[in-house]
Amino acid sequence: MRIAILDDYQNVSREFGDFSGLDVTVFTDPLTDVTAQLAEFDAVVAMRERTRFPAAVLRSLPRLRLLVSTGRRNAAIDLATASELGITVCHTGYRPAAAAEHTWALILAALRHVPAEDGNIRTGRWQSTVGTELDGAVLGLVGLGNLGRRVARVGAAFGMEVLAWSSNLQAQRAAEGGATAVTKEELFSRADVVSIHYVLSERSRGIVGVADITRMKRGALLVNTSRAGVLDTAAAAAAADRGDIRLALDVFDTEPLPTGDPLRQLPNSVLTGHIGYVTEQQYRVFYADAAEDVRAYLAGAPVRVMNP
């Protein structure tokens, strides 16, 4: 069985997973032609949602029998079509701590101007910014699932008031997660920091839009470590460019972010390249489980199967 490991930008999959004895090809750059580049492979290990596998792509890969996705869900894979074609789709484990921790890395970097002050030290300048404290500030969480609750706990430890909203969030559930349930309008108008932790679906696409961004306090920080599709990134970028808000993004509509994308020059922002989940511990889970998924499939007893 020929196996393709996709989007291993750091070329570490064989360090963190035992693929010994398997016929593996590692792609360290994004695919430019999925059908052509994967035509000769029987199995594919996909990194999260970096490479999309809609129905048309799956139908164009007649040799494909096994598709492994790192993480527990992958909206970029058409599971119904995979089942129809007899393609087994498996997942790996996932460590939620990584993304929650990176959310706070972005918040602190933005509010204490870490990138600018790092640049100052390296160029001989001393103190050009004035930071903002978290103690006594209001944290607004769009989504209070596993990740949102982790972020809420840290916010409380910083002495922040924690508000939360999602389309079905109940007051008791919010309280159990360390937050106060409020309306979407109140969250965006009161929060000093808004952090998005919402699962992307057709219902949630663009759920944070122009009206929400317009309600934000001047100078408030908007953070997205979730999925680009839940936020109107263009509207958020326009607000940051005007100086209305500050912006911290780890996810983008096009990834990798094109070299000439205006976001790269955006003021009042901190940007990272979808590294919220990229940690040594996370990769050990991803690639060890992916190797196990492949070996289990070859043994005729697939594990962690996602499709019926």
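Student: What does helix α12 look like in terms of residues and reach?
Tutor: In this predicted model, helix α12 covers residues 280-298, which is 19 residues. From first C-alpha to last it reaches 27 Å, close to the 27 Å expected at 1.5 Å a residue.

Student: Which residues of α12 are buried?
Tutor: Among them are Gln282, Tyr283, Phe286, Tyr287, Asp289 and Ala290.

Student: And what covers the buried residues of α12?
Tutor: The cover includes strands β1, β3, β4 and β5, along with helices α1 and α5.

Student: What happens just after α12?
Tutor: Gly300 takes a positive phi there, about 85 degrees.

Student: New topic! How many aromatic pairs are there in the whole structure?
Tutor: A search finds eight. In one of them, the ring centres of Phe27 and Phe41 are 5.9 Å apart and the planes stand at 70 degrees, so this pair is edge-to-face.

Student: Where do Phe27 and Phe41 sit in the chain?
Tutor: Phe27 is in the loop between β2 and α2, and Phe41 is in the loop between α2 and β3, 14 residues apart.

Student: Is Phe41 buried or exposed?
Tutor: Phe41 is buried, with a relative accessible area of 4%. Arg2 lies over the face of Phe41, 4.5 Å from the ring centre.

Student: What about Trp165 and Tyr198, how are their rings arranged?
Tutor: Their planes are at 15 degrees and their centres 6.1 Å apart, so that pair is stacked. Both Trp165 and Tyr198 are buried.

Student: Which residues form an aromatic cluster?
Tutor: Phe16, Tyr94, Tyr277, Tyr283, Phe286 and Tyr287 form one. The charged end of Arg48 sits over the ring of Tyr277, 4.6 Å from its centre.

Conventions. Residues are numbered from 1 along each chain as its sequence is written. This is a predicted model: local features need pLDDT of at least 70, side-chain atom pairs count only at pLDDT 80 or more; totals for chains, interfaces and linings use all residues. Side-chain values use heavy atoms; hydrogens and water are left out. Helices (H or I, at least four residues) and strands (E, at least two) are DSSP runs, numbered from the N terminus. The expected span of a helix is 1.5 Å times one less than its number of residues. Buried means under 20% relative accessible area, exposed over 50%, partly exposed in between (1.4 Å probe, protein chains only). Contact means heavy atoms within 4.5 Å. Rings of Phe, Tyr and Trp (its six-membered ring) pair if their centres lie within 6.5 Å; planes under 30 degrees apart count as stacked, over 60 as edge-to-face and the rest as tilted. A charge sits over a ring if NZ of Lys or CZ of Arg is within 6 Å of the ring centre and within 35 degrees of the ring normal.
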